[in-house]
Amino acid sequence: IEYSLQAQTFRIYGKVKILNCTGNELNALDISHNPALTNLYAVNNKISSIAHLEGIKELKIDSNTLKNSLLPKGLTDLEINEIKGAPITNIDTSLFTELKSLFIINCKNLKSLDLSNNKKLLTLHIYNTGLTELDLSHQPELTNLYASRTPLTKLNVAGNKALKVVEIELTYKGKGLQGEALMDFLRQLPTHKADDKGKIPLSPAQATEAVKNYLASKHWKVN
């Protein structure tokens, strides 16, 4: 259901399970009377904090909201969007052992990320962050890895046999996996079947003939 606001304050009644209030410049959000709520999408707002998140399974929030909110341990899907004036330098996901999907968007001040406790991850999206190294050797079920526009110099996916989609395109300044660092990563990728290829878009500077030939030998489709 879509609803156009008629006042600055409003209340939603009923057993609402999914609430999408993205991009509405909200200043506050009270979900204390919605115990049925499991999915909350609240990015691109002005919310300083959100309480009573205990029952939430899927959560999308801004960096300023994250800093003042207590996230539930049972999260399965989490998206964090950094906004101006609220930089994120650390994200602790160690308590979220059920996490299957993690999106970290525009966190340019994030320099490290420890995902060793998130062994059930299926999808990881780290777009436009400050990460230079990432260890994903603890995620054997990871299927989709999106790490474009991030200045990675080392990416460990050793032992992962499930990867099917990988995006590691360079930043706009040309930083990221290239040369031997790129080959080190590609050697770790699983070999697929000829009729069920993996997909890996690359920047022009990455997609050398040697790289494309090597990926073809492991049945990965470039771009």
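# Questions on a predicted model

Guide: Lys108 lies in the loop between strand 5 (101–105) and strand 6 (123–127). The model shown here is predicted.

Visitor: Why is Lys108 called exposed?

Guide: The relative accessible area of Lys108 is 52%. The term exposed applies over 50%, so Lys108 with its 52% is exposed.

Visitor: What makes the patch to which Lys108 belongs one of positive charge?

Guide: Lys108 gathers on the surface with Lys111, Lys173 and Lys175. Lys counts as positive, and therefore the group is called a patch of positive charge.

Visitor: What makes strand 5 and strand 6 a pair?

Guide: The two strands are joined by 5 bridges and run parallel. A pair requires at least two bridges, so strand 5 and strand 6 with their 5 qualify. Within this pair, Ile105 stands opposite Tyr127 of strand 6.

Visitor: How do you know that strand 6 also pairs with strand 8?

Guide: Between strand 6 and strand 8 (residues 144–146) there are 3 bridges, and the two run parallel. Since at least two bridges are needed, the 3 found here are enough for strand 6 and strand 8 to count as a pair. His125 has Tyr146 in strand 8 as its bridge partner.

Visitor: Why is strand 4 described as largely enclosed?

Guide: Strand 4 (residues 77–81) has 5 residues, and 4 of them are buried, so the strand is largely enclosed by the rest of the structure.

Visitor: Which strands pair with strand 4, and how do they run?

Guide: Strand 3 pairs with strand 4 in the parallel sense over 5 bridges. Strand 5 is likewise joined to strand 4 by 5 bridges, and these two run parallel. Asp62 stands opposite Asn81 of strand 4, while Leu78 has Leu102 in strand 5 as its bridge partner.

Visitor: What makes the contact between Lys164 and Asp196 a salt bridge?

Guide: The closest N and O atoms of Lys164 and Asp196 are 3.0 Å apart. The limit is 4 Å between a side-chain nitrogen of Lys or Arg and a carboxyl oxygen of Asp or Glu, so this contact at 3.0 Å qualifies.

Visitor: Why is the pair of Lys164 and Asp196 said to tie parts together?

Guide: Lys164 lies in the loop between strand 9 and strand 10 (165–167), and Asp196 in the loop between helix 2 (179–188) and strand 11 (198–200); the pair therefore ties together parts 32 residues apart in sequence.

Visitor: How is it decided whether Lys164 and Asp196 are buried, partly exposed or exposed?

Guide: The relative accessible area is 24% for Lys164 and 39% for Asp196. Buried means under 20% and exposed means over 50%, with partly exposed in between. Both residues are therefore partly exposed.

Visitor: What makes the meeting of Asp184 and Arg187 a salt bridge?

Guide: Their side chains meet at 2.8 Å, N to O. That value is within 4 Å, and so Asp184 and Arg187 form a salt bridge. Both lie in helix 2, 3 residues apart, which is about one turn of the helix.

Visitor: How many salt bridges does the structure hold?

Guide: The structure holds 6 salt bridges. One of them joins Lys212 to Glu209, with the closest N and O atoms 3.1 Å apart.

Visitor: What makes the phi of His52 worth noting?

Guide: Phi of His52 is near 60°, a positive value in a residue other than glycine. His52 has its place in the loop between strand 2 (39–41) and strand 3 (58–62). Arg149, not a glycine either, has a positive phi of about 60°, and Arg149 is found in the loop between strand 8 and strand 9 (154–156).

Methods:
Residues numbered from 1 in each chain as written. Predicted model: local features only at pLDDT ≥ 70, side-chain atom pairs only at ≥ 80, totals over all residues. Heavy atoms only, no water. Patch = residues over 30% accessible without salt bridge, like charges linked within 9 Å, V, L, I, M, F, W, Y side chains within 5 Å. Areas by Shrake-Rupley, 256 points an atom, 1.4 Å probe, with all protein chains shown as cover. Charge placed at Lys NZ, Arg CZ, Asp CG, Glu CD. Buried < 20%, exposed > 50% of the residue type's maximum accessible area, 1.4 Å probe, protein only.
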